[in-house]
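Visitor: Could you walk me through this model? I'd like to start with how you set your terms.

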Amino acid sequence: MLEVNGIENGIVIDHIGAGNGIKIFNLMFAATDHPVVLLMNVKSELYGTKDIIKVENIFDVDLNHLGLIDPKITVNVIKNGKLFEKVKATIPKTIKGGIKCQNPRCITHSDDYAIPEFTLVKANGKLEYECSYCEEITIYKI
């Protein structure tokens, strides 16, 4: 049996859909100097299997990016070995950065100062975001 100890201070990202943990790790924690544990395909009564990420000494994560990857994610903040706060990720209504506009002529592709900004237009199986610069619809598949 695999045993992973609890953390004293940091975060536990829980209820990650099986297979999405590696995406989150690569996006947010691949370059960190802090200890990170990625558990994949852990048994879950609620979802069958899930992934879990534990990170020591980090307390802040981008809930918008987590919500895009998997809106069922829960972030548990651990302080002094105890649960301090529990936050649920949701599908973001607005996004600044993180995804690119699908319109190749959009100013965000040619101007380094124009950070892509999007507003959620529709969410039914796939997320449709409208670019605030060119109004192009960008589809993000869950």
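Guide: Helices (H or I, at least four residues) and strands (E, at least two) are DSSP runs, numbered from the N terminus. With that convention, the place of glutamate 130 is in strand 8. The model is a predicted one, in which local features need pLDDT of at least 70 and side-chain atom pairs count only at pLDDT 80 or more, while totals for chains, interfaces and linings use all residues. Residues are numbered from 1 along each chain as its sequence is written, and side-chain values use heavy atoms, with hydrogens and water left out.

Visitor: OK, how many helices and strands are there, and in what order do they run?

Guide: The protein has two helices and nine strands, and from the N terminus on the elements run β-α-β-β-α-β-β-β-β-β-β. Along its principal axes the C-alpha trace spans about 50 × 30 × 25 Å.

Visitor: What share of the residues is buried?

Guide: Of the 142 residues, 37% count as buried, where buried means under 20% relative accessible area, exposed means over 50%, and partly exposed lies in between (1.4 Å probe, protein chains only). The accessible surface comes to about 8,800 Å², and 50% of that belongs to carbon and sulfur atoms; these areas come from the Shrake-Rupley method with a 1.4 Å probe, and for residues only the protein chains shown count as cover.

Visitor: Back to glutamate 130, then. Which residues does it touch?

Guide: If residues up to four places away in sequence are not counted, glutamate 130 touches Glu117, Phe118, Thr119, Val121, Glu135, Glu136 and Ile137, with contact meaning heavy atoms within 4.5 Å. Glutamate 130 is partly exposed, at a relative accessible area of 33%. Its C-alpha atom is separated by 10.0 Å from that of isoleucine 95, which is 35 residues away along the chain.

Visitor: In which sense do strand 7 and strand 8 pair?

Guide: Strand 7 and strand 8 pair in the antiparallel sense over five bridges; two strands count as paired if DSSP finds at least two bridges between them. Within this pairing, alanine 123 stands opposite leucine 127 in strand 8. The hairpin has two residues between the strands, and glycine 125 in that hairpin takes a positive phi near 85°.

Visitor: Which other residues have a positive phi, glycine aside?

Guide: Histidine 15 is one of them, with a phi near 60°, and glutamate 135 is another, with a phi near 65°. Histidine 15 is found in strand 1 (residues 10-17) and is buried at 19% relative accessible area. Glutamate 135 lies in the loop between strand 8 (126-131) and strand 9 (137-141), and at 58% relative accessibility glutamate 135 counts as exposed.

Visitor: Where is the nonpolar patch on the surface?

Guide: Val121, Ile137 and Ile139 form a nonpolar surface patch with about 210 Å² of accessible area together, and valine 121 is found in strand 7 (residues 117-123). Patches are made of residues with over 30% relative accessible area and no salt bridge, joining like charges within 9 Å and nonpolar side chains (Val, Leu, Ile, Met, Phe, Trp, Tyr) within 5 Å. A salt bridge here is a side-chain nitrogen of Lys or Arg within 4 Å of a carboxyl oxygen of Asp or Glu.

Visitor: One last thing: what joins strand 2 to strand 3?

Guide: A hairpin joins strand 2 to strand 3 through three residues. Strand 2 (residues 36-44) and strand 3 (residues 48-56) pair in the antiparallel sense over seven bridges, and leucine 38 stands opposite isoleucine 53 in strand 3.
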